[in-house]
Amino acid sequence: GKSRYSVMGGGVVVLSIVVVVLIAYSLNSKNHTNDQYIRIRESDLTANSFLRDYVLPGRPVVITNSKQYHDATPVQKFLNTTALRILQKRTSVKLSLSHNSSFDHVEHATHGGWHTASAFWESWYGSELSDLKEVHSQRSDPTQYRDCTTAADCSLFTLDKVVVRPTTRQATLGEVLDLLTENKTGVHAYVQAEEVPKKIKKQLAWWKPSATFAPFLQEEFFGIWIGIGEKTAQLHYDANENLFLQLVGTRRWTLFPPNNSVNLYESFMFEVEEKQKHGDNDGEVNLSFFTSPVDLAAVDLERFPLFANASAPIVVTLNPGEMLFVPSYWWHQVESIPEEGQGSGGLTVGANRFFEPVFEKPTPCGTCRLQPNFKVYPLLHGGR
């Protein structure tokens, strides 16, 4: 038989498209404020209300009191790390390593402002991993990169800052948990934005937002986040709808709506990837345009005066068992806070699902308006 999407009347489709376009205009012109963030019990949320009240208006929401979380076992919720070591000792994940707790952070783009930490890693690992050293390559001349040859072209670049990505290596989940709990001084380890391996995916099979309030969203990525101690992810945005589930510890989210992109200096920045050193491979230089050069911990208004015009951020503390919906292109900085009573040695675990964006825009372009992504529109109409 025909799907429920193929039998819609033409008039309904046209009217619904007009509604979506008007919502897109509202997203770009409206000054979002703190009163647009609320908490709602999962049992009070339906597919219709989630789409109408949060997805289409592009409004963050914390979803609490999940029955799925309540019914899951301690191992399924990553509360029993001893059992996890046994169950997942052969499951491979990508481990990020840094001497800085701010992963994917921004530094000055002068060589002196970067950290050449080969000696640091060698002294930390010793003979265990003597080939793993953190290095940075020199920043190339921006006028030789892509089309930055005129003042107008170069205005898309933030040339005095660079995004520093952590070094990575493959490890089993058991090794990761052992490494994290060793808590060696001065070293920060994190499993971040890692596609959930099959074995862990089975463990998290109880988390099914598509079976409750989000059947109309098209999933593109299912990720796991595991760390020890306090971690900070630099202010950035994702070009996807994001649903984040906190499992262990808490996370503090600082969010700005998309209409702040100019004030947050959306632009190209050179991206330096710290890598394992093999021969002459001293890292790579790419371009990043999802990260803001503004440091929220120490805002430099002389360098970034437009930040004074940014709207007041929405600050959310996400507790175990709670979910946060972050609409696409919302700027956010995320701080991981360890379990209470365990200090800097505490564990933090979260999982997230990225979905096809409902609205999209060219990037980097701080002045560009969000436009409806009609590729996903039939799925959205099914949610209504």
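Cys-365 and Cys-368 are joined in a disulfide, with their sulfur atoms 1.9 Å apart. A disulfide here is a pair of cysteine sulfur atoms within 2.5 Å, and by this rule the count comes to one. In general, such a link is a covalent bond between the sulfur atoms of two cysteines. The link of Cys-365 and Cys-368 is right-handed, with 80° about the S-S bond. Cys-365 is buried, at a relative accessible area of 16%, whereas Cys-368 is partly exposed at 26%. For these words, buried means under 20% relative accessible area, exposed means over 50%, and partly exposed is in between, using a 1.4 Å probe and protein chains only.

Some ground rules before going on. This is a predicted model, where local features need pLDDT of at least 70 and side-chain atom pairs count only at pLDDT 80 or more, while totals for chains, interfaces and linings use all residues. Residues are numbered from 1 along each chain as its sequence is written, and side-chain values use heavy atoms, leaving out hydrogens and water.

**The whole protein**

Stepping back, the protein has nine helices and 20 strands. These are DSSP runs numbered from the N terminus: helices are H or I with at least four residues, and strands are E with at least two. Of the 384 residues, 53% are buried. The accessible surface comes to about 17100 Å², and carbon and sulfur atoms hold 52% of that; the areas come from the Shrake-Rupley method with a 1.4 Å probe, and for residues only the protein chains shown count as cover. Among contacts (heavy atoms within 4.5 Å) with a separation of 6 or more, 82% are between residues 24 or more positions apart.

**A five-stranded sheet**

Now for a sheet. Five strands make an open sheet in the order β4-β10-β17-β12-β15, with mixed pairing. β4 (102–103) and β15 are at the edges with a single partner strand each, so one side of each has no neighbour in the sheet. Two strands count as paired if DSSP finds at least two bridges between them.

Strand β12 (residues 250–256) runs antiparallel to β15, with five bridges joining them; one of the bridge pairs is Leu-255 with Ile-314 in β15. β12 also pairs with β17 (residues 331–337), in the antiparallel sense over seven bridges, and here Trp-253 has Val-334 in β17 as its bridge partner.

Phe-290 sits in the loop between β14 (284–288) and β15, and is partly exposed at 32% relative accessibility. Leaving out residues up to four places away in sequence, Phe-290 touches Leu-235, His-236, Tyr-237 and Trp-331. Phe-290 and Trp-331 are 41 residues apart in sequence, yet 8.8 Å apart in space, C-alpha to C-alpha.

**Nonpolar cores**

A nonpolar core is a set of buried Ala, Val, Leu, Ile, Met, Phe, Trp, Tyr and Cys residues joined through side-chain atoms within 4.5 Å. The largest one has 69 residues, and Phe-50, Phe-78, Leu-204, Ile-224 and Leu-247 touch the most other members. Helix α2 (residues 47–55) gives the largest share of this core, five residues. A second, separate core of 14 residues includes Trp-225, Trp-253, Leu-318 and Leu-324.

**Salt bridges**

Side chains of opposite charge can pair when their charged atoms come close. A salt bridge means a side-chain nitrogen of Lys or Arg within 4 Å of a carboxyl oxygen of Asp or Glu, and the whole structure has eight of them. Here are some, with their N to O distances:

| Pair | Distance |
|---|---|
| Arg-39 and Glu-322 | 2.8 Å |
| Lys-67 and Asp-71 | 2.6 Å |
| Lys-201 and Glu-195 | 3.9 Å |

Arg-39 lies in strand β1 (residues 38–41) and Glu-322 in the loop between β15 and β16 (323–326), so the pair ties together parts 283 residues apart in sequence. Arg-39 is partly exposed at 39%, but Glu-322 is buried at 12%.

Lys-67 and Asp-71 both belong to helix α3 (residues 67–71), four residues apart, about one turn of the helix. Lys-67 is exposed at 58%, and Asp-71 is partly exposed at 47%.
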